[in-house]
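Open the model in your viewer and keep the selection panel at hand.

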Amino acid sequence: MSHLSEKEILECIAGETRPEWRDHIQSCPDCSARARQLSEPLRLFADSVREMVPIRPVFRQSQSYRHLPYWSAFVAAALLLLIAAPLFRGRRAEVAQPASAISDEVLLQRIQTAVAESVPGAMAPLAITPSSDSENAE
Amino acid sequence: METVLATEPISHGSDRSTALADFDDVVRVHGQAIYRFILASLRDQDAAETLAQDCLMRAFQARDKFRGDSSVKTWLMRIAVNLVRDHASSERLKFWRRAGKAALSIGAAAQRVADRAYSPEAAVAAKQKAETVWKATADLSPKQRTVLLLRFVEDMDILEIAAATGMKEGTVKVHLFRALQRVRARIEGVK
């Protein structure tokens, strides 16, 4: 058998080896050397790639919850709402309590005081000033 | 571009019920292979770690759709190939590929095989050969590089590569042949 062509050697290296080509490469030092010129650098390259390891773990997802089904998040949220809702309602009742705690008598007294004033408290200085000016003029 | 998940059936023989039963086991067995394929394709450690994580996450989320028609490794590689392709074609990431601080050092990668050589001369020769192929693969088209990596680094046969890349068997052979031609030309150019 004559020497293998470049195409045949490349096909052997690619894995498309016919039995007669393989036998020839094993018995022919010339073709064997030609095949090794390419196969050896490829093997060294492959080894250098295989020895690479990631700096960080490849898969960092938390192992604790990833087996739970997605609807478990909704169940957890519903439970949280069930627990939190009564507490929130109680808190609102506490906040509202001081206003209703004022007795009717005190409230009536406050209203009387407010009605008795000739002008609102905030306008009192304005109400006094013109009258004092007019007294000075007289 | 949206990544297409590799959930379509691929005709080979494998038992689905046991293949993905324990996903931790899948990660342990195939995680490194996914990472190194992406790293050798992109030459960016940060991107490789992110995409390897993404690949396994997508596989985990789509594990119910895995029919076991192909091997788990082929299925995972198909997801990884799609992720690498999308990453490479993404315009917004091109800047980071150029300016990546975690860019892979080819010299450091080749040094690993040189460290195992019997003599200093053999170490230099081994490092030079590995580096030459590293540089040659950078000049390959993405498809040629993918096929070459799957064939020689992951030891996948032509049919498995066809299943992982979605190419026809003949197309895989053509890409592989051309890739080898270019690598050989590079090696001969160095001598």
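Select α1 and α3 of chain A: these two helices cross with a right-handed sense (right-handed if the near helix is turned clockwise from the far one by less than a right angle, left-handed if anticlockwise). This is a predicted model, in which local features need pLDDT of at least 70 and side-chain atom pairs count only at pLDDT 80 or more, while totals for chains, interfaces and linings use all residues. Residues are numbered from 1 along each chain as its sequence is written, and chains are lettered from A and ligands numbered from 1 in the order in which they are written.

Helix α1(A) covers residues 6–14 and helix α3(A) residues 29–50; they pack at about 55° with their axes 10 Å apart. That angle makes α1(A) oblique to α3(A). Axes are lines fitted to C-alpha atoms, for helices over the stretch in contact, and angles run from 0 to 180 degrees between N-to-C directions. Angles under 35 degrees count as roughly parallel, over 145 as roughly antiparallel, 65 to 115 as roughly perpendicular and the rest as oblique. Helices (H or I, at least four residues) and strands (E, at least two) are DSSP runs, numbered from the N terminus.

Now show the residues between this pair. Ile9(A), Cys12(A) and Ile13(A) of α1(A) meet Cys31(A), Arg34(A), Ala35(A), Leu38(A) and Ser39(A) of α3(A) (contact: C-beta atoms, placed from the backbone, within 7 Å). Six nonpolar, one polar and one charged residues make up this contact of α1(A) with α3(A). Here Ala, Val, Leu, Ile, Met, Phe, Trp, Tyr, Cys and Pro count as nonpolar, Asp, Glu, Lys and Arg as charged, and the others, Gly among them, as polar.

**Between the chains**

Show both chains. The contact takes 26 residues from chain A and 36 residues from chain B. On the chain A side, α1 and α3 are the elements that give two or more residues, and α3(A) gives the most, with twelve residues. By class, the chain A side that touches chain B has 16 nonpolar, four polar and six charged residues.

From α3(A), select Glu40(A), Pro41(A), Leu42(A), Leu44(A), Phe45(A) and Ser48(A); from α7(B), Ala126(B), Lys129(B), Ala130(B), Thr132(B), Val133(B) and Trp134(B). This contact of α3(A) with α7(B) holds eight nonpolar, two polar and two charged residues.

**Inside chain B**

Chain B has ten helices and zero strands. Of its 191 residues, 42% count as buried (20 or more other C-beta atoms within 10 Å of a residue's own; exposed if 12 or fewer, partly exposed in between, with C-beta atoms placed from the backbone).

Which residues touch the most other members of the largest nonpolar core? Of the 64 residues in this core, they are Ile34(B), Phe37(B), Ile38(B), Cys55(B), Leu76(B) and Ala80(B). A nonpolar core is a set of buried Ala, Val, Leu, Ile, Met, Phe, Trp, Tyr and Cys residues joined through C-beta atoms within 7 Å. Helix α2(B), residues 23–42, gives the most to this core, with ten residues. Centre on Ala80(B): not counting residues up to four places away in sequence, Ala80(B) touches Ile34(B), Phe37(B), Ile38(B) and Cys55(B).

Next, select α2(B) with helix α4(B), residues 72–89. Their axes come within 10 Å and cross at roughly 30°, and α2(B) and α4(B) are therefore roughly parallel to each other. The crossing of α2(B) and α4(B) is right-handed.

Most residues other than glycine have a negative phi. Arg43(B) has a positive phi near 60°; with 20 C-beta neighbours inside 10 Å, Arg43(B) counts as buried. Asp155(B), in the loop between α8 (142–152) and α9 of chain B, has a positive phi of about 55°. Is Asp155(B) buried or exposed? Asp155(B) counts as exposed, with 12 C-beta neighbours inside 10 Å.

End on helix α9(B), residues 158–165, where six of the eight residues are buried, among them Glu160(B) and Thr165(B). Gly166(B), which follows α9(B), has a positive phi near 80°.

Terms used. Contact = placed C-beta atoms within 7 Å.
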